[in-house]
Amino acid sequence: MPTGWLKNAAYRLALPLLAPSPRGKITMEHTGVQLTHLQDYQRILTKHHVLGSSLLMRQGDQEAQVYVSVGGNIQHTAQADTLYRVASITKMATALTILRLWEADALSLDAPVCQYLPDSQGIAALQDVTIRQLLCHTSGLRDVPAYQYALDHGQTYQEVLQVQGIRGSHPGEQFAYCNLGFGLLGCVMEQVTGESLAQVMQEMVFRPLGMEATMDASSLPEERIMPIRRVVQRGKSRDVRITPLGKKPLTTPDPLRHFGHTAGAMYTTCESMSKLLAFLQQEGAAENRQIMHPETLRMMMSPQASYGQLSPGMDYGLGLIRFTLPELPDMPIMGHQGFAYGCVDGAFFTQNRQVIFLNGGASELRIGRLGVVNRDVLHYALMKEMPAWT
């Protein structure tokens, strides 16, 4: 994944040479509002080597969805009920679950996280770390290779936290995006409720919002899942529908080992993702009832930390990103991205608009920390397509 400027430059050079082109292999279908700039969208898909994808645009009560299938020797077919592993977009649902538990007085955002993790007393890496800091990536924790190794080999989070370099700064000092930190929130959920994180999130978020979504991929029919692959990678390309970790059922709690899901393992549909964004837009209302306090949602969407020079103009709330871009409307855009195994997903909203772009693989080029394909899709939707709707 091209995270540094040098890797990003090398990736940019390799992209036209190594990435499979969808040109001439794209089939597009759309529902809802009549679209007038589909050719511009198709150019984005071709430019960024996008494999099968779904795009949902909503403006007030108006909605359009575009389903893109890519054929040839790579079959990625998108339909209305296609399930996507939305990677780090999961963090919005994780944050909502934690905040609902906070509203229910099951935990405190500013208490030491050790109070809510089993057998965590005395772990130096967690000293002075709070749940709020995990939610906004200011815990001081860092992602290290031992994190993935522990997930692959069934180790506990305690073993990961003993690794050298796991903590890069004092809690609250600086922003550092950390999947492990969000994974630990899944352990907290299980410890304070006694239920599996899949069940907790179903009860707290997915069912109240009317979403078709799950954290337990082992329960899903694989034929409905969009396969994902990197469009530029070393060695032979392969599709990923469910990861080895995802094939392990989440039917019972295991707060020592379930730290690999709540950072990015949610599966859902484009339409269900829209329900989550609408819940945020409506400050905690869904299904004709107020589920969370508006003040809680406003806190979640308020800046808590800044990306700084990594990505000027981009801030982080509690489980979501806020940013402005010169080429986009002069208003804050909120939501989250999802990078995993080649997908470059995005679920974003403004006061009255939504743009959701889910895919099975795309160019992973970035501008700062924002995926270039997400920037281009946002520009197309917010500056060209939706303004033309009547």
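**View 1. The largest nonpolar core of the predicted model.** This core holds 132 residues, and those touching the most other members are Leu126, Ile131, Tyr157, Phe259, Leu276 and Leu280. Leaving aside neighbours within four places in sequence, Ile131 is in contact with Ile98, Leu107, Ser108, Leu109, Ala111, Val113, Tyr116, Leu185 and Val188.

**View 2. The buried residues of helix α5.** Within α5, which spans residues 145-152, Ala146, Tyr147, Ala150 and Leu151 are buried, and because they cover an arc of only 140° around the axis, they lie on the same side of α5. The buried residues of this helix pack against α6 (157-161) and α7 (179-193). Gly154, which has a positive phi near 70°, follows α5.

**View 3. Salt bridges of Arg58.** The side chain of Arg58 meets that of Glu63 in a salt bridge (1.7 Å, N to O), and it also meets the side chain of Glu271 in a salt bridge (3.4 Å, N to O). The pair of Glu271, in helix α9 (residues 270-281), and Arg58, in strand β2 (residues 53-59), links distant parts of the chain, 213 residues apart. Arg58 is buried, with a relative accessible area of 19%, whereas Glu271 is partly exposed at 28% relative accessibility.

**View 4. The salt bridge between Arg224 and Asp81.** The side chains of these two residues meet at 3.7 Å, N to O. Arg224 lies in the loop between β5 (213-214) and β6 (267-268) and Asp81 in the loop between β3 (62-70) and β4 (84-85), so the pair ties together parts that are 143 residues apart in sequence.

Terms used
Residues are numbered from 1 along each chain as its sequence is written. This is a predicted model: local features need pLDDT of at least 70, side-chain atom pairs count only at pLDDT 80 or more; totals for chains, interfaces and linings use all residues. Side-chain values use heavy atoms; hydrogens and water are left out. A nonpolar core is a set of buried Ala, Val, Leu, Ile, Met, Phe, Trp, Tyr and Cys residues joined through side-chain atoms within 4.5 Å. Buried means under 20% relative accessible area, exposed over 50%, partly exposed in between (1.4 Å probe, protein chains only). Contact means heavy atoms within 4.5 Å. Helices (H or I, at least four residues) and strands (E, at least two) are DSSP runs, numbered from the N terminus. The arc is that of the directions from the helix axis to the C-beta atoms. A salt bridge is a side-chain nitrogen of Lys or Arg within 4 Å of a carboxyl oxygen of Asp or Glu.
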